[in-house]
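Keep the 3D view open as you read.

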Amino acid sequence: MPATALPRTDLIWDWLSQVPDPEIPVISLTDLGIIRDVQWRGDTLVVTVTPTYSGCPATGIINLDIETALRSHGIEKLELKRQLAPAWTTDWITAEGRDKLRAYGIAPPVDGTAADGVLAGRVSRLMGGNLTIQCPRCGSTHTQKVSQFGSTPCKASWRCADCLEPFDYFKCI
Amino acid sequence: MPSLPDMTTPNLTALAGQALADSGHVQVPAPDAGQDALVEWLQRMGDNGLILGHRLSEWCGHGPALEEDIAIANQALDLIGQCRLWLGLAAEVEGRGRDADAFAYLRDAGAFRNLLLVELPNGDFGVTLMRQFLFDAFHVELLRALKASSDSRIADIAAKAEKEVAYHLERSADLVIRLGDGTDESHRRMQDALNRLWSYTGEMFLDDAVDQAMADSGIAPLPSSLKDAWDRTVAAVLDEATLARPADGWHHKGGKKGIHTEHLGYILAEMQFLQRAYPGARW
């Protein structure tokens, strides 16, 4: 397409905000915070994407979905770049993304990561410390961890002691 | 078919140019000694993740509880994902047209550079967990130090992997404590596992010429420099788990140089089967 007809990058960000995460389709790729940059290099659109987890099996599908979406909007020359640093953490999930997760039944991540204070974090948790995860169904904070890992690499399994429902917690890294 | 050159007056420059054009390969400068050491070291990083990840994946569908089954499979996924980054970088630095898959599927046991600890059979759930804890405690210190690597590609991978591995350590430390300080049966099994694995932990902290070359260029820490922090983590967790630290003595070694236990060959026979039986198969 001629240079004058290149869509503006804010429009492209809008298009990307319509692309759902393949494993948690209630949030978009921009909610998840994995699109790092969108820019034109000549007449080639360069989209920079960062992986959530090193081994996340959805990474390939995410790239395919980005490509499909942008091609459907008429983008012809597209390059997808992988960027590792700064590493993605759950802090990159937007406030809107957190609300959508909660409404969907997944408890959004609380602040902080395991890498910040490995054993200190563990001990405070064992002592019934300050980590409270709210049940996304009934809002109770009377909840307990069932397993540190869950149905996808990014989630842990929790259970509510009040409404007794199990739920996914978007784990912090 | 080009005509034969006149043998009396060979035009070497033209012939060399023709040979290059015919070969269809981009010429890659031969790696210097420093790059060889870096490729070697990157394979150690990648192979630890690959082999431990494969071992963990053997539990898939066999875990003692559904949640543990899922947790182990997820850790395998993290480790294999990290392995892709390390071996991908090894391939890039090596510059001979290999990719991460070629390293994983087309090397024989003698070319693998993982620690012996990670290739040991899973044993019971206690052995698997104890091995994971002993390795996680080392792995997290290594990655933490690598975040300051003089090679930004390595620092970037380390920063990514550290977050995942810190999470692994939280789980493995928790479970070692719960099972060590649990029933008589679980305590006995965890102590047995520790006694059995202890002589494989020394290899993590051995320095060799490759490690020295990496340390000299600021790329990676000397493994021996990680020992104090590992000792502190292990002491704190074993203490809480009411487990007795075995006496230090003779240690197994060799994995980093490609001298492995008999177990590695069986892992590769399974892991590499498809590419060996159907070379170049894709899906």
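**From an enclosed helix to the loops**

Of the 22 residues of α6(B), 19 are buried, so the rest of the structure largely encloses this helix. This is a predicted model. Helix α6 covers residues 125-146 of chain B, and at 1.5 Å a residue it should span 32 Å. Its end C-alpha atoms lie 31 Å apart, which agrees.

Now look at the nonpolar packing. The largest nonpolar core has 109 residues. B:Trp86 and B:Val176 have the most contacts inside it. Domain 1 (3-88) and domain 2 (95-170) of chain A both contribute residues to this core, so it lies between them. Beyond its neighbours within four places in sequence, B:Val176 touches B:Leu129, B:Met130, B:Phe133, B:Met190, B:Val237 and B:Ala241.

Turn to the sheet in chain A. Its 4 strands form an open sheet in the order β4-β7-β6-β5, with mixed pairing. β4 (106-107) and β5 (143-147) are at the edges with a single partner strand each, so one side of each has no neighbour in the sheet. β4(A) runs parallel to β7 (residues 166-170), joined by 2 bridges. There, A:Ala107 has A:Tyr169 as its bridge partner.

Finally, the loops. Most residues other than glycine have a negative phi, and most peptide bonds are trans. The bond from A:Ala85 to A:Pro86 is cis, with omega near -5°. A:Pro86 sits in the loop between β3 (78-82) and α4 (95-104) of chain A. A:Leu164 has a positive phi of about 70°. Its loop runs between β6 (155-160) and β7 of chain A. A:Leu164 counts as exposed because it has 10 C-beta neighbours inside 10 Å.

Key: Residues numbered from 1 in each chain as written. Chains lettered and ligands numbered in written order. Predicted model: local features only at pLDDT ≥ 70, side-chain atom pairs only at ≥ 80, totals over all residues. Pairing = 2+ DSSP bridges. Core = buried A, V, L, I, M, F, W, Y, C linked by C-beta atoms within 7 Å. Buried ≥ 20, exposed ≤ 12 C-beta atoms within 10 Å, placed from the backbone. Domains from an automatic or database assignment. Contact = placed C-beta atoms within 7 Å. Expected span 1.5 Å × (residues − 1).
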